[in-house]
Amino acid sequence: MDTTPTIATNHTYEFRVMTAADSDAIVPLANKLHPAMPPETVRAYLAEMFTFPTYYCFGLWQNGKLIAMSNGWITVRFYSGKQLEVDNVIVDPEVRSKGVGKYFFTHIQDWAIRNGCKTIELNTYSQNTKSHKFYYNEGYAILGFHFQKVL
């Protein structure tokens, strides 16, 4: 597994795997995904996620500002082999529909390939039809339903 920080840049964007040291930039953007959640809770969850050895946090920066982020988890499943499961994907609303998501996901996919993943999987809320269109256009397919039981 390639554990060195991944940094890819062009003249506008910088993609990298982030660390806990990036939390001050991550929390406000992550909080846009769950605005009702107190930022302290987002920070606590993020701190816990960074302790897991198969957790990665991907970020896309523009001029020193975090404009897109996603959590990622390396897993192995019988039906897919080694995979990257991404979640909590957010692109800053100010830069949506400008190719940022496509650029971001291209770099996430490249990272997954370099790290031996055979698939990328994600969940998206059923009412988030804009994300459905995006993922379809990026070659993703719907496999089933995501169920949750609160304990």
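## The β3–β4 hairpin

In the hairpin that β3 and β4 make, 2 residues sit between the strands, and Asn 63 takes a positive phi near 50° there. Strands here are DSSP runs of E with at least two residues, while helices are runs of H or I with at least four, and both are numbered from the N terminus. This is a predicted model, in which local features need pLDDT of at least 70 and side-chain atom pairs count only at pLDDT 80 or more, whereas totals for chains, interfaces and linings use all residues. Residues are numbered from 1 along each chain as its sequence is written, and side-chain values use heavy atoms, with hydrogens and water left out.

β3 and β4 run antiparallel and are joined by 8 bridges; strands count as paired if DSSP finds at least two bridges between them.

## On to β5

Follow β4 along and you reach another hairpin, this time with β5, with 3 residues between the two strands. These strands also run antiparallel, joined by 9 bridges, and Thr 75 has Gln 83 in β5 as its bridge partner.

How much of β4 is buried? Of its 13 residues, 10 are buried, so the strand is largely enclosed by the rest of the structure. Buried means under 20% relative accessible area, exposed over 50%, and partly exposed in between, using a 1.4 Å probe and protein chains only.

## The nonpolar cores

The largest nonpolar core has 24 residues, and Phe 58, Leu 60, Leu 84, Val 100, Phe 104, Ile 108 and Trp 111 have the most contacts inside it. Such a core is a set of buried Ala, Val, Leu, Ile, Met, Phe, Trp, Tyr and Cys residues joined through side-chain atoms within 4.5 Å. Two or more residues each come from β2 (13–18), β3 (55–62), β4 (65–77), β5 (81–91) and α3 (100–114). Of these, α3 gives the most, with 7 residues. Apart from this core lies another, of 15 residues, among them Ile 26, Val 27, Leu 46 and Trp 61.

## The cysteines

How many disulfides does the structure hold? There are 0, a disulfide being a pair of cysteine sulfur atoms within 2.5 Å. The sulfur of Cys 117 is 16 Å from the closest cysteine sulfur, in Cys 57, which is too far for a bond. Cys 57 counts as buried at 0% relative accessibility, and Cys 117 counts as buried at 11%.
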